[in-house]
Amino acid sequence: GYEFDSRKVKLSTGICMHFIEKKPRQTESKGLVLCVHGWPDCWYGYRRNIDAICEAGYHVVVPDQRGYGQTSKPREVSAYEIQVLVQDNVALLDFLGIEKAVLVGHDWGGTLVWNFAMHFPERVAAVCSFCTPFFPPNPRKNPWKSMKSKPGGRFDYQLWFQGEEAETELEKDTRRTIKLIHRAVSDDMEKFVGGDPEIFRLPPTQKK
């Protein structure tokens with residue numbers, strides 16, 4: 001099992017944020033490492049990294065981001081704009097009394113930490129991202145238009161997400177949805193999906 005401290009706090013951005021925390025026991029902390037998960041995930045995605053980072057001498061904090069896990073889930077789409085998500089994490093550092101942190105992001109969390117570093121460089125000691133490289137802002141190029149004009153790419157699901165069909169399908173059975181999304185990366189897929197063989201025969205998503 002994993003031994004971490006679990007906390008839930010009210011932030012200045014108005015949400016209640018849940019996070020997992022672990023501090024070095026034998027030595028003084030070298031600083032704070034803030035781990036930011038992607039979609040669809042929560043703090044649990046970092047469970048196997050927390051001890052290693054802590055043993056290296058760092059105070060580790062892994063929050064459930066807005067809309068995930070035990071953190072608040074506003075219904076308004078505008079509540080999930082990237083600048084809002086960045087502000088949540090700045091507010092968490094404020095709550096913890098941390099001036100600077102090392103930022104680690106995975107997947108969509110990578111996009112978040114890059115934006116954090118651009119807009120609040122004074123709060124960042126270092127930044128790294130897995131799966132999400134940094135692309136400098138380019139006001140002259142809208143990637144959304146390119147995705148729409150060239151269907152069939154690996155990110156088509158993001159286009160599909162914009163329609164009501166996606167919301168209806170994903171919310172119909174949320175437990176099943178999460179299992180389908182994670183099936184290809186589970187250590188023990190059969191156990192993960194509860195022994196339901198039908199799941200293995202389905203495509204990653206069904207668009208009816």
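A polar contact is taken here as a pair of N or O atoms within 3.5 Å; within protein, one must be able to donate a hydrogen and the other to accept it, and residues adjacent in sequence count only if both atoms are side-chain atoms. By this criterion, the backbone oxygen of Ala79 lies 3.3 Å from a polar atom of the Arg66 side chain. The model is a predicted one, in which local features need pLDDT of at least 70 and side-chain atom pairs count only at pLDDT 80 or more, while totals for chains, interfaces and linings use all residues. Residues are numbered from 1 along each chain as its sequence is written, and side-chain values use heavy atoms, with hydrogens and water left out.

Arg66 sits in the loop between strand 4 and helix 2, where helices (H or I, at least four residues) and strands (E, at least two) are DSSP runs numbered from the N terminus. Its relative accessible area is 6%, so Arg66 is buried (buried means under 20% relative accessible area, exposed over 50%, and partly exposed in between, with a 1.4 Å probe and protein chains only). The side chain of Arg66 also makes a polar contact of 2.7 Å with the side chain of Asp88. Not counting residues up to four places away in sequence, Arg66 touches residues including Thr13, Ile15, Tyr80, Leu85 and Asp88, contact meaning heavy atoms within 4.5 Å.

Asp88 leads on to helix 2, as it is one of the buried residues of that helix, along with Leu85, Val86, Asn89, Val90, Ala91, Leu92 and Leu93. Helix 2 (residues 82-96) has 15 residues and spans 22 Å from its first C-alpha to its last, close to the expected 21 Å; the expected span is 1.5 Å times one less than the number of residues. The cover over its buried residues includes strands 1 (5-10), 2 (16-22), 3 (32-36), 4 (59-63) and 5 (101-106), as well as helix 3 (108-119). After helix 2 comes Gly97, whose phi is positive, near 75°.

What does the nonpolar interior look like? The largest nonpolar core has 24 residues, and those with the most contacts inside it are Leu11, Leu32, Leu34, Leu92, Leu93, Leu103 and Phe116. Such a core is a set of buried Ala, Val, Leu, Ile, Met, Phe, Trp, Tyr and Cys residues joined through side-chain atoms within 4.5 Å. Helix 2 gives the largest share of this core, six residues. Apart from it lies another core of 11 residues, among them Ile20, Val33, Val60 and Val62.

Helix 3 also holds Gly109, which is buried with a relative accessible area of 0%. Leaving aside neighbours within four places in sequence, Gly109 is in contact with Val36, His37 and Gly38. Gly109 and Phe130 are 21 residues apart in sequence, and their C-alpha atoms are 8.7 Å apart.

A search of the whole structure finds zero disulfides, a disulfide being a pair of cysteine sulfur atoms within 2.5 Å. For Cys128, the closest cysteine sulfur is in Cys35, 8.1 Å away and therefore too far for a bond. Cys128 is partly exposed at 30% relative accessible area, whereas Cys131 is exposed at 65%.

Overall, the protein has nine helices and six strands, and buried residues make up 34% of its 208 residues.
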